[in-house]
Amino acid sequence: MSDLLGRLRSRGWRMTAQRRAVAEVLDGEHVHLTADEVLARAAVRLPEISRATVYNTLGELVALGEVNEVATTGRAMRYDPNAHRPHQHLACTGCGILRDVHPAGDPLAALPEGERFGYRVREAEITYWGLCPDCART
Ligand SMILES: [Zn+2]
Ligand SMILES: [Zn+2]
């Protein structure tokens, strides 16, 4: 469980009804929503919520380090509340859905010294592409 709400509460994040609606939509496992999806889902809980508030709140959560932005090629930025446990992504080329995965071994260590070209490598971001079971079925 990402427990975004619990983390925000323990940080003393000011929880207005609108901000809470955004945080509730993002809370959970394998959540990677675009800003428009967050807006649509938050509006189900709170019809008066504005696009500006959703976008501002997302920006604030990213700045706090409680939500990660995930970019996948050619698709809208997604917001990921699993910000404290390092993970990689499994992405569907059909529908774009992402899952959090934990490859065996350290992806950083997998890059040999001779392939580092003098870079001080800090992190690795890996996306495994393929068809999800739903898309593979059709
Ligand atoms: Zn799919
Ligand atoms: Zn993720």
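This is a predicted model: local features need pLDDT of at least 70, side-chain atom pairs count only at pLDDT 80 or more; totals for chains, interfaces and linings use all residues.
Residues are numbered from 1 along each chain as its sequence is written, and chains are lettered from A and ligands numbered from 1 in the order in which they are written.

**Overall architecture**

- The protein's secondary structure amounts to five helices and six strands, where helices (H or I, at least four residues) and strands (E, at least two) are DSSP runs numbered from the N terminus.
- Read from the N terminus, the elements follow the order α-α-β-α-α-β-β-β-β-β-α.
- The C-alpha trace spans about 55 × 40 × 25 Å along its principal axes.
- Of the 138 residues in the protein, 20% are buried; a residue is buried if 20 or more other C-beta atoms, placed from the backbone, lie within 10 Å of its own, exposed if 12 or fewer, and partly exposed in between.
- Among contacts with a separation of 6 or more, 47% join residues 24 or more positions apart, a contact being a pair of residues whose C-beta atoms, placed from the backbone, lie within 7 Å.

**Helix contacts**

- The axes of α2 and α3 come within 9 Å and cross at roughly 120°; axes are lines fitted to C-alpha atoms, for helices over the stretch in contact, and angles run from 0 to 180 degrees between N-to-C directions.
- That angle makes α2 oblique to α3, since angles under 35 degrees count as roughly parallel, over 145 as roughly antiparallel, 65 to 115 as roughly perpendicular and the rest as oblique.
- The crossing of α2 with α3 is right-handed; a crossing is left-handed if the near helix is turned anticlockwise from the far one by less than a right angle, and right-handed if clockwise.
- Helix α2 contributes Ala21, Val22, Glu24, Val25 and Leu26 to this contact, and α3 contributes Val38, Arg41, Ala42 and Arg45.
- The residues of the contact of α2 with α3 comprise six nonpolar, no polar and three charged, with Ala, Val, Leu, Ile, Met, Phe, Trp, Tyr, Cys and Pro counted as nonpolar, Asp, Glu, Lys and Arg as charged, and the others, Gly among them, as polar.
- Helix α3 (residues 35-45) also meets helix α4 (residues 51-63), their axes coming within 10 Å and crossing at roughly 120°, and α3 and α4 are therefore oblique to each other.
- In this crossing, which is right-handed, Ala35, Val38, Leu39 and Ala42 of α3 touch Arg51, Val54, Tyr55 and Leu58 of α4, and these residues divide into seven nonpolar, no polar and one charged.

**The antiparallel sheet**

- Strands β1, β3 and β2 form an open three-stranded sheet in the order β1-β3-β2 with antiparallel pairing, where two strands pair if DSSP finds at least two bridges between them.
- Both β1 (33-34) and β2 (68-70) stand at the edges with a single partner strand each, so one side of each is left without a neighbour in the sheet.
- Strand β3 (residues 78-80) pairs with β2 over three bridges in the antiparallel sense, and Val70 has Arg78 of β3 as its bridge partner.

- Strand β4 (residues 88-92) pairs with β5 in the antiparallel sense over four bridges, with Leu90 opposite Arg99 and Gln88 opposite Val101.
- The two strands β4 and β5 form a hairpin with five residues between them, and Gly96 in the turn has a positive phi of about 85°.
- On the parallel side, β4 pairs with β6 over four bridges, and the bridge partner of Ala91 in β6 is Trp129.

- His30, which is not a glycine, has a positive phi of about 55°; His30 is placed in the loop between α2 (17-26) and β1 and is partly exposed, with 16 other C-beta atoms within 10 Å.
- Phe117, likewise a residue other than glycine, has a positive phi near 50°; Phe117 lies in the loop between β5 (98-101) and β6 (127-130) and counts as exposed, with 7 C-beta neighbours inside 10 Å.

Terms used:
Two residues are in contact if their C-beta atoms, placed from the backbone, lie within 7 Å.
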